[in-house]
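This briefing is intended to be read beside the sequence and the three-dimensional model.

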Amino acid sequence: MDSLCDKCWYNVFDEELEEYYCSLEIDEDEYAKFLLDSRKGNKSCKYFRPDGGEYEIVRRQN
């Protein structure tokens, strides 16, 4: 499963459910539009924010 979600800042692992989910808080209309677009084949997400890993802050300081 190599998708944008795997590399996204908002992709969070829930230890209780043992699965990943999107932690971005969007309203119902935006979520419906996102699902509709993904069904049409548009796999881009306008909320995607790349996760730079645990050293992202250090790289910004240098």
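The protein contains two helices and two strands, where helices (H or I, at least four residues) and strands (E, at least two) are DSSP runs numbered from the N terminus. Along the sequence these elements follow the pattern β-β-α-α. The model is predicted: local features need pLDDT of at least 70 and side-chain atom pairs count only at pLDDT 80 or more, whereas totals for chains, interfaces and linings use all residues. Residues are numbered from 1 along each chain as its sequence is written, and side-chain values use heavy atoms, with hydrogens and water left out.

**Burial**
- Of the 62 residues in the protein, 5% are buried; buried means under 20% relative accessible area, exposed over 50%, and partly exposed in between (1.4 Å probe, protein chains only).

**Largest pocket**
- The largest pocket has a volume of about 370 Å³, a volume being the space filled by probe spheres set on grid points that are joined across faces, edges and corners.
- On a 1 Å grid over the protein atoms alone, a pocket is an open set of points where a 1.4 Å probe fits, with protein on both sides within 12 Å along at least five of seven lines; lining residues have an atom within 4 Å of a point.
- The lining of the largest pocket comprises 17 residues, and C5, N11, Y21, C22 and F34 lie nearest the pocket centre.
- Two or more lining residues come from each of β2 (19–22) and α1, and the largest share, three residues, comes from β2.
- By class, the lining has 15 nonpolar residues, one polar and one charged; Ala, Val, Leu, Ile, Met, Phe, Trp, Tyr, Cys and Pro count as nonpolar, Asp, Glu, Lys and Arg as charged, and the others, Gly among them, as polar.

- C22 is located in strand β2 and is exposed, with a relative accessible area of 52%.
- The C-alpha atoms of C22 and W9 are 9.0 Å apart in space, and the two residues are 13 apart in sequence.
- E18 occupies the loop between β1 (11–14) and β2 and counts as exposed at 64% relative accessibility.
- The phi angle of E18 is near 55°, a positive value in a residue other than glycine.

**Surface around Y31**
- Y31 belongs to helix α1 (residues 28–39) and is partly exposed, with a relative accessible area of 44%.
- Together with F34 and L35, Y31 forms a nonpolar patch on the surface with about 260 Å² of accessible area, by the Shrake-Rupley method with a 1.4 Å probe, where for residues only the protein chains shown count as cover.
- Patches are made of residues with over 30% relative accessible area and no salt bridge, with like charges joined within 9 Å and nonpolar side chains (Val, Leu, Ile, Met, Phe, Trp, Tyr) within 5 Å; a salt bridge is a side-chain nitrogen of Lys or Arg within 4 Å of a carboxyl oxygen of Asp or Glu.
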